Amino acid sequence: MTDLDLADVGQGDEQQLAVDGPADFDAFFAEESATRPREQLTLYGTTYTLPESLPLMFTLQMERVQDSSDPADVRKMLATLYGADVLDTWAEHGMTDRQLGVVLIYSAGNIRRPGSVTMQRAAELYAEQEAGKAAAPNRAARRATTKKGKKAPSSGARS
């Protein structure tokens, strides 16, 4: 996981560990979390406070559900950022898949670096992402767009 060489740990660190007992990551992460800025957003009259960093469950579920159309998968993923039942609430308010995508891009960017992504930029990024997903024209569509009167390429076979 890391290239940290334990020989690099200073003697003072080892003595400190012996005095204080085992490392308390619960306390460390709680203290660190309290000092990190958190972005807020308002959607359908509710204000949501984004976490100070992307939850591991969100990242794992995002990979798992990217090709899923099961609403239960999306519900679980959204609950890690916004709380339970937000998918149903947002759907009842008429949220579109585009709007959901824009909110997710905005949220992910601002969780990583609060204030770094505007709503407009999130919409632009969503549009770019969707444009990249557009399928290339199929063979019939390409043939329909060729110039009229152009000789079809030869297959190389003799008649």
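Colleague: Hi! What should I know about the model before we start?
Modeller: The model is predicted, so local features need pLDDT of at least 70 and side-chain atom pairs count only at pLDDT 80 or more, while totals for chains, interfaces and linings use all residues. Residues are numbered from 1 along each chain as its sequence is written, and side-chain values use heavy atoms, with hydrogens and water left out.

Colleague: Great. Which residues touch the most other members in the largest nonpolar core?
Modeller: They are Leu41, Leu43, Tyr48, Leu78, Tyr82, Trp90 and Leu104, out of 26 residues in that core. A nonpolar core is a set of buried Ala, Val, Leu, Ile, Met, Phe, Trp, Tyr and Cys residues joined through side-chain atoms within 4.5 Å. Buried means under 20% relative accessible area, exposed means over 50%, and partly exposed is in between (1.4 Å probe, protein chains only).

Colleague: And which elements give two or more residues to this core?
Modeller: Strand S1 (40–43) does, along with helices H3 (56–65), H4 (71–82), H5 (86–92), H6 (97–112) and H7 (119–133). The largest share, 7 residues, comes from H6. Helices (H or I, at least four residues) and strands (E, at least two) are DSSP runs, numbered from the N terminus.

Colleague: What is Leu104 in contact with, leaving aside neighbours within four places in sequence?
Modeller: Leu104 is in contact with Phe58, Met77, Leu78 and Tyr82. Contact here means heavy atoms within 4.5 Å.

Colleague: New topic! How many salt bridges are there in the whole structure?
Modeller: The search finds 5. A salt bridge is a side-chain nitrogen of Lys or Arg within 4 Å of a carboxyl oxygen of Asp or Glu.
One of them joins Arg75 and Asp88, with the closest N and O atoms 2.9 Å apart. That pair links distant parts of the chain, as Arg75 is in helix H4 and Asp88 in helix H5, 13 residues apart.

Colleague: Is Arg75 partly exposed or buried?
Modeller: Arg75 counts as partly exposed because its relative accessibility is 32%. Asp88 is partly exposed too, at 28%.

Colleague: What about Lys133 and Glu130, how do they meet?
Modeller: Their side chains meet in a salt bridge at 3.4 Å, N to O. Both lie in helix H7, 3 residues apart, which is about one turn of the helix. Lys133 is exposed, with a relative accessible area of 57%, whereas Glu130 is partly exposed at 32%.

Colleague: Which residues are linked in a network of salt bridges?
Modeller: Arg121, Glu124 and Glu128 are. Within it, Arg121 and Glu128 meet at 3.6 Å, N to O.

Colleague: Let's do pockets. How much space lies in the largest pocket?
Modeller: About 800 Å³. On a 1 Å grid over the protein atoms alone, a pocket is an open set of points where a 1.4 Å probe fits, with protein on both sides within 12 Å along at least five of seven lines; lining residues have an atom within 4 Å of a point. Points are joined across faces, edges and corners, and a volume is the space filled by probe spheres set on them.

Colleague: Which lining residues are closest to its centre?
Modeller: Of the 25 lining residues, these are Met62, Gln66, Leu104, Gln129 and Lys133. H6 supplies the largest share of the lining, 8 residues.

Colleague: And what volume does the second largest pocket have?
Modeller: About 220 Å³. S1 and H6 each give two or more residues to its lining, and H6 gives the most, with 4 residues.
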